[in-house]
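Please go through the aromatic contacts and backbone features of this entry.

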There are 2 protein chains.
Amino acid sequence: MRAVLDCIPCIIRQGLNTARLATDDPKVQREILDRIMRELIGTPLTGTPGDHSNVAYRVVREVTGVEDPYYELKRKYNRIALELYPRLKELVVSSEDPLHTAVKLAAAGNVIDLGIGVQFDVEREVEEVLRTPFSVDHFQGFVEELERAERLIYIGDNAGEIVFDKVLIEEIRKEADCEVTFVVRGGPCINDALREDAEEVGMEEVARVIDTGSDGIGIPWADVSEEFKEEFLKADVRIAKGQGNFETLSERSDPIYFILKAKCEAVARELGVGYGEIVFKRHPAAPSRNSLSPPS
Amino acid sequence: MRAVLDCIPCIIRQGLNTARLATDDPKVQREILDRIMRELIGTPLTGTPGDHSNVAYRVVREVTGVEDPYYELKRKYNRIALELYPRLKELVVSSEDPLHTAVKLAAAGNVIDLGIGVQFDVEREVEEVLRTPFSVDHFQGFVEELERAERLIYIGDNAGEIVFDKVLIEEIRKEADCEVTFVVRGGPCINDALREDAEEVGMEEVARVIDTGSDGIGIPWADVSEEFKEEFLKADVRIAKGQGNFETLSERSDPIYFILKAKCEAVARELGVGYGEIVFKRHPAAPSRNSLSPPS
């Protein structure tokens with residue numbers, strides 16, 4: 001999807017949040033805001049939201065010299081999610097449809113803000129997401145495609161969240177005899193998971209881990225590695241988590257299952273759902289097998 | 001309170017919202033955003049959040065020539081709230097403590113987004129607010145001060161919301177034999193109530209209506225009229241609704257009862273409450289009569 005005017009104030013806010021992690025000095029934080037505004041003025045919004053957000057993160061790096069402002073937060077997110085892991089497994093095995101529950105948990109991983117840190121609240125939020133229906137739920141088609149799958153690619157999003165992804169991948173491997181590749185970013189990018197995060201949560205136990213070869217948000221196609229592109233193109237089932245992946249992949253014709261919460265109006269509009277809703281959406285939609293009407 | 005760095009992205013977002021009401025042309029909307037950013041770069045944050053937000057509204061006026069972009073919305077908000085008026089009165093008279101219910105309704109008027117327009121939802125939201133306790137509730141002290149009051153000043157906020165204020169003023173006048181002055185803005189300022197709005201909802205039936213003499217957000221002391229200042233200073237009970245009034249009056253030593261929802265982190269911090277919470281707060285707090293501990 002293309003960036004919209006709403007992305008401009010949002011990018012500045014993201015820059016401020018990141019500036020505060022990189023430095024405690026309000027003068028430097030202000031300098032960062034001013035430089036981001038200076039770069040945004042007049043810049044045509046031709047790229048994805050992520051392409052334009054990258055400006056904010058680059059400015060923070062340039063001004064403060066801090067390569068990975070989210071480093072400590074990511075350690076914390078992984079720790080909180082790993083503490084939750086036994087409970088997540090329990091929720092899956094005790095449910096009527098473990099695979100569907102695992103998909104819901106993967107969405108919960110995208111919804112909850114591990115930054116709050118109070119484990120009790122996180123558990124309550126997980127249960128809240130389990131009760132919330134997906135606004136778009138292409139689970140049935142997913143199960144059918146999974147049966148025939150030989151190679152599945154799973155593009156991760158945030159640190160911490162990847163523990164929830166691991167739970168889903170474990171269920172996927174029970175259902176299907178397919179190779180699973182898990183994708184992390186190629187370099188520091190907001191609180192997105194890197195190889196270090198995948199190692200921290202033991203992702204290699206359930207999937208081959210590769211990176212995008214880029215530190216850009218989502219999958220900036222012009223900047224990702226040949227290795228990533230090859231894996232992406234040859235997979236027969238693709239899962240991508242979160243807004244950054246959706247924003248950068250929504251215009252591709254290769255079918256992808258997106259699992260995410262619509263955290264801004266622009267993404268909600270693009271997904272055809274309400275703000276704040278969660279989806280498990282195959283895009284493009286599979287052709288309907290039971291009717292002649294176009295897929296919804 | 002002083003503006004903070006968080007105000008910068010917020011002002012740009014406010015500018016975009018207002019630009020969209022003033023013009024449908026995305027090129028003009030973009031020009032407005034760029035001009036706002038140009039004005040914000042390097043500007044020291046020495047004023048209140050409102051002082052700095054005024055930049056956004058001025059730029060919209062200058063670029064589009066539209067004096068009051070919220071004009072139609074204000075008509076709509078008044079109409080929706082007036083339709084709700086009989087139900088609000090019913091809620092008050094059927095309650096155990098009509099004055100407290102009327103204060104809660106005044107808060108509901110600040111919470112609900114009349115822009116959504118579906119009356120059923122608005123009613124549900126009103127009931128939701130009635131169930132939500134104030135995070136700070138100085139109602140008891142208010143009742144005591146009201147008993148002795150001769151002159152009460154009530155500074156309004158948004159169009160539509162002022163119908164809820166009228167309900168509270170009606171209850172105040174049942175409890176206390178005092179003159180009530182209701183204050184609107186002196187000129188177009190976001191969706192804030194003007195004299196026309198006060199007329200539309202029949203505010204003159206329950207209060208003398210004056211304006212601030214300024215089209216600035218809240219009460220920009222350097223810019224308000226002598227008439228307003230005199231009324232404000234001689235009142236023995238003061239009520240002010242919403243964030244704009246709080247932001248601009250929070251540093252005054254004259255006691256004021258603020259009724260509002262904390263719609264941003266900076267205001268929540270200043271109020272000492274959580275984001276999204278509602279308060280009925282006397283500021284500065286009244287000296288405690290029952291203990292030697294300092295007032296909370």
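Q: Is F232(A) buried or exposed?
A: The model is predicted. Buried means under 20% relative accessible area. F232(A) has a relative accessible area of 0%, so F232(A) is buried.

Q: What kind of aromatic pair do W221(A) and F232(A) form?
A: The ring centres lie 5.3 Å apart, with 70 degrees between the planes. Planes over 60 degrees apart count as edge-to-face. The pair of W221(A) and F232(A) is therefore edge-to-face.

Q: How many residues apart in sequence are the parts that the pair of W221(A) and F232(A) ties together?
A: W221(A) lies in the loop between strand 4 and helix 10 of chain A. F232(A) lies in helix 10 of chain A. The parts tied together are eleven residues apart.

Q: How does the relative accessible area class W221(A)?
A: The value for W221(A) is 23%. Buried needs under 20%, and exposed needs over 50%. W221(A) falls in between, so its class is partly exposed.

Q: How many aromatic pairs are there over all chains?
A: Ring centres within 6.5 Å make a pair. By this rule, the count over all chains is 22.

Q: Which elements of chain A does the pair of F139(A) and F280(A) link?
A: The two residues are 141 residues apart, in distant parts of the chain. F139(A) is in helix 7, residues 139–147. F280(A) is in strand 7, residues 278–283. The link thus runs between helix 7 and strand 7.

Q: Are F139(A) and F280(A) buried or exposed?
A: F139(A) has 8% relative accessibility. F280(A) has 0%. Buried means under 20%, so F139(A) and F280(A) both count as buried.

Q: Which residues do ring pairs link into a cluster with F139(A) and F280(A)?
A: The cluster is built from ring pairs in chain A. Besides F139(A) and F280(A), it holds F134(A), F142(A) and Y257(A).

Q: Over which ring does the charged end of R75(A) sit?
A: The charged end of R75(A) is 4.4 Å from the ring centre. The cut-off for such a contact is within 6 Å. The ring belongs to Y71(A).

Q: What is omega for the peptide bond joining H283(A) and P284(A)?
A: P284(A) is in the segment after strand 7 of chain A. The bond from H283(A) is cis. Omega is about -5 degrees.

Terms used
Residues numbered from 1 in each chain as written. Chains lettered and ligands numbered in written order. Predicted model: local features only at pLDDT ≥ 70, side-chain atom pairs only at ≥ 80, totals over all residues. Heavy atoms only, no water. Phe/Tyr/Trp six-rings, centres within 6.5 Å; stacked < 30°, edge-to-face > 60°. Helix = DSSP H or I, 4+ residues; strand = E, 2+ residues; numbered from the N terminus. Buried < 20%, exposed > 50% of the residue type's maximum accessible area, 1.4 Å probe, protein only. Lys NZ or Arg CZ within 6 Å of the ring centre and 35° of its normal.
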